[in-house]
Amino acid sequence: MDPVLSSEVLAKLRRPRPYPAVSLVMPTHRREPDNAQDPVRLRNLLAEAEKALTSDPDVPRERRLDVLDQLNRAAAEVDLAHAEDGLVIYAAQGEHQVWSLPRTVPERVVLSDTFLTRNLVAAHAAEQPYWAVAVAADRVSLWSGDPERTVEAVRDGFPLTRSLEPQDVEREQRIGDVPSTFRDEDTRQFLREAHEKLRAVLASAPRPVYLLGTSEALGLVEELGSLGPDTVTVQHGGLADGPATAVHAAVEPARAARAAATVTVLTAELDAARGRREYAGGIDEVWRAAKEGRARLVAVEDDYRTVVREEGGHLEPAGDGEEGARDDMVDEIVEQALETGAEVRFVPGGTLDGQGRIAAALRY
């Protein structure tokens, strides 16, 4: 997902705009032959948006032309050849944004005075991002990863580099003063600087951290102080220059083990909540708990989507295209839960068998 969704970015997306703020949402496909339909679907949705703008009497002509121009600019930036599972386009007077999502989304065009953000928020929550830090004596690199891929993050002073050329070659040749690289004070200072920069990254964008390097390099980093309980060390040197695929492969066993352990703890937590009668299971119960701000923890299966309609203060199953049907209620629950301070965790399909594929531990 790019750009990075932070609380600041989300706040800007949610602020009111002069009507209309257009949100265009559609599922996309990563591989052939399914991705052949994506350009056609995008053209159809753009045409639907243009028709809605043209036929809306509340949209002044000048503003309509501006928003249509922003939509066309956004469409020109879409790279369907490297699509993920969902696409979101935002367009309003004087602005547009394009988001590629690693989670499928329902197809729709919405005109409002704010952008539709729930699909974006749910995709971000499901993404499970992490930081990987590859440590060497002359280079410390930062990598942004998730279960699918890893890319180098050039930000906040990373990558940090230095030369390993000796400062006093004649002295070293004369007395043989060649200390171990990781016992050298210059190296310590170099890694101390990297440690401080990493702490700044974690303060602004907290994520689990995987430290990659030789045992000697990792030992020195650990001496500099804890980076937090979500830090895991992986003894694998030679990755400070990448490539990204090798960094991802080195992290993946530790990430997968961590994810499995997290699911075990989560299942036990839900069972305990059930025993205390602080539990909600199924989309209707969880929806009401999230809406009322009672959800403390919400667990959702990765691939869970369902179509429902609201009836008498409850959610009932509905068919596609049925009047009043809602096909992104799961995403709406995720966004509502996060807004009220709940923790949201996505788990593999089948984890919540017998619990309606979505469950919550309640505050009361």
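Is R345 buried or exposed? The points below return to this residue after an outline of the model.

1. **Basis of the model.** The structure is a predicted model, in which local features need pLDDT of at least 70 and side-chain atom pairs count only at pLDDT 80 or more, whereas totals for chains, interfaces and linings use all residues. Residues are numbered from 1 along each chain as its sequence is written, and side-chain values use heavy atoms, with hydrogens and water left out.

2. **Overall composition.** The protein contains 10 helices and 16 strands. Helices (H or I, at least four residues) and strands (E, at least two) are DSSP runs, numbered from the N terminus. The C-alpha trace spans about 85 × 60 × 40 Å along its principal axes. Of the 364 residues, 42% count as buried; buried means under 20% relative accessible area, exposed over 50%, and partly exposed in between (1.4 Å probe, protein chains only). Among contacts between residues at least 6 apart in sequence, 67% join residues at least 24 apart, a contact being heavy atoms within 4.5 Å.

3. **The antiparallel sheet.** Strands in the order β3-β2-β1-β4 make an open sheet of four strands with antiparallel pairing. Two strands pair if DSSP finds at least two bridges between them. β3 and β4 stand at the edges with a single partner strand each, so one side of each is left without a neighbour in the sheet. On average, neighbouring strands of this sheet are turned by 10° against each other, direction ignored.

4. **Pairings within that sheet.** β1 (residues 21-27) and β4 pair in the antiparallel sense over five bridges, and S23 stands opposite V110 in β4. β2 and β3 run antiparallel and are joined by seven bridges, with G86 opposite L101 in β3. These two strands, β2 and β3, form a hairpin with two residues between them, and G94 in the turn has a positive phi of about 80°. Helix α4 (residues 118-126) lies across β1, β2, β3 and β4 and runs at about 40° to β3. Axes are lines fitted to C-alpha atoms, for helices over the stretch in contact, and angles run from 0 to 180 degrees between N-to-C directions.

5. **R103, in a loop.** R103 lies in the loop between β3 (95-101) and β4 (108-112). R103 is buried, with a relative accessible area of 6%. Its side chain reaches the backbone oxygen of D302 at 3.0 Å, and a polar contact of 3.1 Å joins the side chains of R103 and D331. A polar contact is a pair of N or O atoms within 3.5 Å; within protein, one must be able to donate a hydrogen and the other to accept it, and residues adjacent in sequence count only if both atoms are side-chain atoms. Leaving out residues up to four places away in sequence, R103 touches several others, including G86, A122, Y304, V330 and F346.

6. **The mixed sheet.** Another open sheet of four strands has the order β11-β16-β12-β15, with mixed pairing. β11 (279-281) and β15 (343-347) stand at the edges, each with a single partner strand, so one side of each is left without a neighbour in the sheet. The twist averages 15° from one strand to the next. Within this sheet, β12 (residues 295-301) and β16 (residues 358-362) pair in the antiparallel sense over five bridges, and L297 stands opposite A361 in β16.

7. **R345, in a strand.** The opening question concerns a residue of strand β15. R345 counts as buried, at 18% relative accessibility. The side chain of R345 makes a polar contact with the side chain of E343 (2.7 Å). Among the residues that R345 touches, not counting those up to four places away in sequence, are T262, L266, E269 and L297.

8. **A hairpin.** β13 (residues 308-311) and β14 (residues 314-317) run antiparallel and are joined by four bridges. The bridge partner of E310 is L315 in β14. β13 and β14 form a hairpin with two residues between them, and G312 in the turn has a positive phi of about 60°.

9. **A helix pair.** Two packed helices are described by the angle between their axes and the distance between the axes. The axes of α9 (residues 283-291) and α10 (residues 329-339) come within 9 Å and cross at roughly 30°. The contact involves I283, V286, W287, A290 and K291 of α9 with M329, V330, I333, Q336 and A337 of α10.
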